[in-house]
Amino acid sequence: MWQQKSFEREGLEPALYLVPTPIGNLEDMSFRALRILKEADVIAAEDTRNTKKLCNYFEITTPIVSYHEHNKENSGRHMLDRLRNGQVIALVSDAGMPTISDPGYELVKDAIAEQLKVIPLPGANAALTALIASGLVPQPFYFYGFLQRGAKQKKEELQRLKKIEATWVMYESPHRLKETLKQMLDILGDRNIVLCRELTKKFEEFIRGTISEALAWANESEVRGEFCLIIEGAMPATEEEEIVWWSSMDLVKHVDYYVEAKGLQSKDAIKQVAKDRGLQKREVYQAYHIEE
């Protein structure tokens with residue numbers, strides 16, 4: 001166990017500071033975030049071009065280095081070297097909180113593994129900003145981020161998410177919104193949903209209604225801007241619904257049932273078990289054949 005004491009001396013500690021940046025409105029930048037960006041030895045940025053614009057606006061002259069999804073392994077090693085040498089690093093993403101659907105998690109994990117301090121700042125976050133204005137129950141809530149792009153993978157994810165009783169939150173890009181809403185309507189049913197677009201910006205908009213109404217809006221409108229979706233959770237299952245016929249079976253017995261009692265080929269039985277349990281076929285396949 002390691003007990004990190006973040007503030008043991010005056011001034012900035014040698015540490016990795018996680019600095020949120022505005023999701024739209026630059027007035028949301030905090031005084032503390034500005035001070036750390038100005039006093040850090042280096043700013044690690046997802047996109048140096050975007051961060052330079054931010055720094056120019058606030059007259060920040062701290063050196064900026066690249067840290068993003070495609071160079072995180074190599075850049076991460078350099079960041080760790082800097083931390084070991086007692087430097088102060090400010091990690092930022094293009095907008096909002098670092099590591100939330102943005103790069104940074106691996107660097108945080110590796111720094112902690114070496115007992116190098118990681119100090120977070122509070123600040124702008126699209127998911128929470130959307131949630132508190134949605135009108136749907138704000139807690140408990142479940143944050144998912146982006147769905148997979150492939151239709152098949154997206155369907156499997158929605159099959160799992162449909163059972164969550166808490167309000168859930170996800171992000172979606174404008175060019176995938178219509179297809180996502182279509183699949184939601186097919187899998188989740190016509191639940192309440194809120195589409196939040198361009199949060200904190202001039203064209204901020206909340207589209208509140210059911211999934212079918214949101215889909216109609218998307219089909220009739222020019223869909224622009226990044227979206228945060230707030231989706232009503234599932235109704236609590238009744239006791240009868242919770243007790244399914246296969247609940248006492250492990251995966252192997254469940255597959256064997258379809259093979260022996262229903263006469264299915266093993267690959268078809270595995271497919272059916274995956275559907276029953278909301279799992280991916282490869283999970284059932286691996287469990288079944290390893291046990292065999």
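A: H7 crosses H8 with left-handed sense. (A crossing is left-handed if the near helix is turned anticlockwise from the far one by less than a right angle, and right-handed if clockwise.) The model is predicted: local features need pLDDT of at least 70, side-chain atom pairs count only at pLDDT 80 or more, and totals for chains, interfaces and linings use all residues. Numbering starts from 1 along each chain as its sequence is written, and side-chain values use heavy atoms, without hydrogens or water.

H7 covers residues 177-188 and H8 residues 211-220. Helices (H or I, at least four residues) and strands (E, at least two) are DSSP runs, numbered from the N terminus. The two axes come within 9 Å and cross at roughly 155°. H7 is therefore roughly antiparallel to H8. Axes are lines fitted to C-alpha atoms, for helices over the stretch in contact, and angles run from 0 to 180 degrees between N-to-C directions. Under 35 degrees counts as roughly parallel, over 145 as roughly antiparallel, 65 to 115 as roughly perpendicular, and the rest as oblique.

On the H7 side, the contact (heavy atoms within 4.5 Å) uses Leu177, Lys178, Leu181, Lys182, Met184, Leu185 and Leu188. H8 answers with Ile211, Ser212, Ala214, Leu215, Trp217, Ala218 and Asn219. By class, that is ten nonpolar, two polar and two charged residues. Ala, Val, Leu, Ile, Met, Phe, Trp, Tyr, Cys and Pro count as nonpolar, Asp, Glu, Lys and Arg as charged, and the others, Gly among them, as polar.

Next, another helix pair. H10 (residues 251-260) and H11 (residues 266-277) pack at about 125°, with axes 8 Å apart. The pair is therefore oblique. Here the crossing of H10 over H11 is right-handed. H10 contributes Leu251, His254, Val255, Tyr258 and Val259. H11 contributes Ser266, Ala269, Ile270, Gln272, Val273, Asp276 and Arg277. Seven of these contact residues are nonpolar, three polar and two charged.

On a 1 Å grid over the protein atoms alone, a cavity is a set of points where a 1.4 Å probe fits but cannot get out; a pocket is an open set with protein on both sides within 12 Å along at least five of seven lines; lining residues have an atom within 4 Å of a point. Points are joined across faces, edges and corners, and a volume is the space filled by probe spheres set on them. Of 22 lining residues, Gln159, Ala274, Lys275, Asp276 and Gly278 lie nearest the centre. The lining has 13 charged, six nonpolar and three polar residues.

The second largest pocket holds about 600 Å³. Ala95, Ala126, Phe146, Tyr171 and Glu226 are the closest to its centre among 23 lining residues. Its lining has twelve nonpolar, three polar and eight charged residues.

There is one cavity of 30 Å³ or more. The largest cavity has a volume of about 50 Å³. Its lining includes Pro20, Met29 and Pro122.

Last, the backbone. Most residues other than glycine have a negative phi, and most peptide bonds are trans. Glu59 has a positive phi of about 55°. The Gln139 to Pro140 bond is cis, with omega near 0°. Pro140 sits in the loop between helix H5 (126-134) and strand E6 (141-146).
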